[in-house]
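Please look through the sequence and the model shown here, and then follow the explanation below one region at a time.

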Amino acid sequence: MKTQLLVETPTHKWLYFGRDPEKNDKIIDTNQYLVQSGNQSLLMDPGGIELFAPMLASLVRHIPLEQLTYLFASHQDPDIISSLGLWDQTLPKAKLYAPWLWEGFIRHFGMNNISYEPIKDKGGKLQVGDVELQFIPAHYLHASGNFHVYDPVAKVLMSGDVGAALEPAEADIFVDDFASHIGKMEYFHRRWMPSNRAKSNWVARMRDLDIQYMCPQHGRIFKGPQVKSFLDWFDSLDVGIGLD
C-alpha cells in the first residue's frame with residue numbers, strides 16, 4: 001500500500017494510505033488518512049474488511065499500534081468501515097467516532113470492545129494529542145448522516161465522498177490538471193449526491209474555511225487553488241440526476 005506524508009506541523013502530521021496494488025479489481029479503491037500527534041492518532045475511514053491486512057501492515061511502519069487511539073467513520077458504507085470487526089480485535093481500547101444516526105447499522109460490522117462515540121448532527125470536536133480536530137456536518141453528501149474532518153492548523157479537510165473520482169488504482173494521489181479531472185468526478189457526484197440544497201449549504205460553509213488540502217475518500221487530493229476550483233465546480237453542478 002502506498003503511503004505519503006501530506007502535511008507536518010510542529011504539533012502533528014497527516015499521512016495518506018491507499019493505492020493498494022494487491023486490491024481486487026472489482027473493489028473500489030479507497031483513501032485512508034491518519035492524524036498523529038504525540039502518543040495519539042486518529043485513522044479516518046479505515047476501509048473495508050479486505051483492506052484490513054495491508055492497512056495494518058502499513059500503519060505499524062509509522063506508529064506503534066498502541067498509539068492508534070481513535071477511529072472515525074464518515075458514514076456507514078462497507079468501503080468506509082466494514083473492517084471494524086477486525087480493528088475491534090486489534091484495538092480493544094480505541095474509540096470510534098461516527099454519526100449517531102448509523103450506530104445501529106455500523107455495529108453490524110462487529111463491535112464488542114471499541115467504544116462507539118456518537119457524533120451529534122451539529123458536529124463536534126476531538127482532541128488528538130496537541131491538535132483539536134473538527135467534525136463538520138456533511139449530511140446527504142452522500143449519506144443522510146455524514147461528517148467530514150477539518151484541521152484548522154494544518155488547513156486540511158478530509159472530505160469523505162465529496163471530491164471523489166473513479167479511476168484506476170495506479171493513478172497519482174494528487175490532482176494535476178483540474179479541468180481534465182472533472183470528467184472523472186462528474187458521474188460520481190451526479191449519481192451519489194442526492195440533494196442540491198445540501199450541496200449548496202456545504203459549499204457555502206466550506207468557503208468560510210481555510211483549506212489548503214481537500215482529501216476525498218476516493219480519487220485524488222486537491223491542493224491550494226484547486227480547492228476553490230472544486231467548490232466552484234461542485235456549486236454549479238446539478239446533483240441527484242445520475243439516472244438518464
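Two residues are in contact when heavy atoms of theirs lie within 4.5 Å. This is a predicted model, in which local features need pLDDT of at least 70 and side-chain atom pairs count only at pLDDT 80 or more, while totals for chains, interfaces and linings use all residues. Residues are numbered from 1 along each chain as its sequence is written, and side-chain values use heavy atoms, with hydrogens and water left out.

We can begin with D79, which is found in helix α2, residues 78-81; helices (H or I, at least four residues) and strands (E, at least two) are DSSP runs numbered from the N terminus. Leaving aside residues up to four places away in sequence, D79 touches I28, T30, G47, G48, Q217 and H218. Two of these neighbours also make polar contacts, meaning pairs of N or O atoms within 3.5 Å, where within protein one atom must be able to donate a hydrogen and the other to accept it, and where residues adjacent in sequence count only if both atoms are side-chain atoms. The side chain of D79 is joined to that of Q217 by a polar contact of 3.3 Å, and to that of H218 by one of 3.2 Å.

D79 is buried yet has no salt bridge, and the nearest side chain of opposite charge, K23, is 11 Å away. Here buried means under 20% relative accessible area, exposed means over 50%, and partly exposed lies in between (1.4 Å probe, protein chains only). A salt bridge needs a side-chain nitrogen of Lys or Arg within 4 Å of a carboxyl oxygen of Asp or Glu; Lys and Arg count as positive and Asp and Glu as negative, whereas His and the chain ends are not counted.

What is the relative accessible area of D45? The value is 0%, so D45 counts as buried. D45 is found in the loop between β4 (40-44) and α1 (52-59), and it has no salt bridge, the nearest side chain of opposite charge, R19, being 13 Å away. The side chain of D45 does, however, reach the backbone nitrogen of S74 at 2.8 Å, and the residues that D45 touches include F72, S74 and Q217.

The backbone deserves attention as well. Most residues other than glycine have a negative phi, and most peptide bonds are trans. Phi of D45 is near 45°, a positive value, and Y140, which is not a glycine either, has a positive phi of about 70°. Y140 is found in the loop between β9 and β10, and its relative accessible area is 44%, so Y140 is partly exposed. A cis peptide bond, with omega of about 5°, joins L141 and H142.

Finally, turn to the aromatic rings, where a search of the whole structure finds 14 pairs. Rings of Phe, Tyr and Trp (its six-membered ring) pair if their centres lie within 6.5 Å, and planes under 30 degrees apart count as stacked, over 60 as edge-to-face and the rest as tilted. The rings of F72 and F135 have centres 5.4 Å apart and planes at 5°, so this pair is stacked. Because F72 lies in strand β5 (residues 70-72) and F135 in strand β9 (residues 131-137), the pair ties together parts that are 63 residues apart in sequence. Both F72 and F135 are buried. The rings of F230 and W233, by contrast, have centres 5.7 Å apart and planes at 50°, so that pair is tilted. F230 and W233 both lie in helix α7 (residues 225-236), three residues apart, about one turn of the helix.
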